[in-house]
Amino acid sequence: MNKLLITTSLLLAACSGARAPAPVDDPITPLEQACLREPLDPARWEQLAAALSAAGERERAATMYLQAASLRRHDVRQDYTIVKQARDEAAADMPRTQIKRLGPALVEVQRIAAGASETAAPTSMPLRLEISNGNGVAGAAARLARLLEADGVKTVRLSNLRPFVVPLSRIEYPRAQQATAQALSKRLGLPLQQRSGGPAYADMRIVLGHDIRVLK
């Protein structure tokens, strides 16, 4: 297909080459313009080839006839349709993650299996979050908790991470909460750090560093 498109581009360049202003009875220029407007229509190239042949430009006419024949053998539009269909099918085969708000302070993360319909029962899990202040800015953890509560994320614990020398904020999460952590990372623009274990009262933890000002 790439070879065909390159050939089409070269022929279009030939069609649109510098020509003197066309007289009223010149049939070639309008046909060249038609080829430019619809480069994948073989009938346009055949009409142009016939006009060139009648005008005595047999070499160019033969090239245009070859282009028309190539387009009839190879349906470029169908190629794009096949590629789009394959892309859509691939997307349907991938698992999806949805975040559903259950109340003013709780969300549910739903994992929809590959190939499942929107009405299929997803796997779900509530998110319990701890926010640790690692920069010593008074009230920083509480402010972020209020911000996330507006999004429906429940913060179950606020803590301090002394001696407040954390340079960069991060999200700590267990492997089982990777999809949820990725969604939260995208929301806050924070890097992720996987951990092997954690406290029973929280599913994951946000650690605030001295870059807290970049959080939105």
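At 26% relative accessibility, arginine 44 counts as partly exposed. Partly exposed lies between buried, which means under 20% relative accessible area, and exposed, which means over 50% (1.4 Å probe, protein chains only). Arginine 44 is found in helix α3. Leaving aside residues up to four places away in sequence, arginine 44 touches Ala34, Cys35 and Glu38. Contact here means heavy atoms within 4.5 Å. Glutamate 32 lies 12 residues from arginine 44 along the chain, and their C-alpha atoms are separated by 8.4 Å.

The model is predicted: local features need pLDDT of at least 70, side-chain atom pairs count only at pLDDT 80 or more, and totals for chains, interfaces and linings use all residues. Residues are numbered from 1 along each chain as its sequence is written, and side-chain values use heavy atoms, with hydrogens and water left out.

The chain holds seven helices and eight strands. Helices (H or I, at least four residues) and strands (E, at least two) are DSSP runs, numbered from the N terminus. Of the 216 residues in the chain, 33% are buried. Among contacts between residues at least 6 apart in sequence, 58% join residues at least 24 apart.

Helix packing was examined next. Two packed helices are described by the angle between their axes and the distance between the axes. The axes of helix α2 (residues 28-37) and helix α3 (residues 42-54) come within 9 Å and cross at roughly 160°. Axes are lines fitted to C-alpha atoms, for helices over the stretch in contact, and angles run from 0 to 180 degrees between N-to-C directions. Helices α2 and α3 are therefore roughly antiparallel to each other. Angles over 145 degrees count as roughly antiparallel, under 35 as roughly parallel, 65 to 115 as roughly perpendicular and the rest as oblique. The crossing of α2 and α3 is left-handed. A crossing is left-handed if the near helix is turned anticlockwise from the far one by less than a right angle, and right-handed if clockwise. On the α2 side, the residues that meet α3 are Ile28, Leu31, Glu32, Ala34 and Cys35. Their partners in α3 are Arg44, Trp45, Gln47, Leu48, Ala51 and Leu52. By class, this contact has eight nonpolar, one polar and two charged residues. Ala, Val, Leu, Ile, Met, Phe, Trp, Tyr, Cys and Pro count as nonpolar, Asp, Glu, Lys and Arg as charged, and the others, Gly among them, as polar.

Helix α3 also packs with helix α4 (residues 58-73): their axes come within 8 Å and cross at roughly 165°. That makes α3 roughly antiparallel to α4. This crossing, too, is left-handed. Residues of α3 in the contact include Pro42, Trp45, Leu48 and Leu52, and those of α4 include Met64, Tyr65, Ala68 and Leu71. By class, the contact of α3 with α4 has 12 nonpolar, two polar and four charged residues.

An α-helix has 3.6 residues a turn, so residues three or four places apart point the same way. In helix α6 (residues 140-150), the buried residues are Ala140, Ala141, Leu144, Ala145 and Leu148. They cover an arc of only 135° around the axis, which puts them on the same side of α6. The arc is that of the directions from the helix axis to the C-beta atoms. The buried residues of α6 pack against β4, β5, α7 and β8 (204-208). The face turned away from this buried side carries the exposed residues Arg146 and Ala150. Just after α6, glycine 152 takes a positive phi of about 90°.

In helix α7 (residues 178-188), Thr180, Ala181, Leu184, Ser185 and Leu188 are buried. Seen down the axis of α7, these residues fall within an arc of 135°, so they line one face of the helix. Glycine 189 follows α7, and its phi is positive, near 70°.

Arginine 128 is in strand β4 (residues 128-133). At 33% relative accessibility, arginine 128 counts as partly exposed. Arginine 157 is 29 residues from arginine 128 in sequence and 8.7 Å away in space, C-alpha to C-alpha. The loop between β5 (154-160) and β6 (170-173) contains proline 163. The peptide bond from arginine 162 to proline 163 is cis, with omega near 10°. Phenylalanine 164 is found in the loop between β5 and β6. Its phi is near 60°, a positive value in a residue other than glycine. Phenylalanine 164 is partly exposed, with a relative accessible area of 21%.
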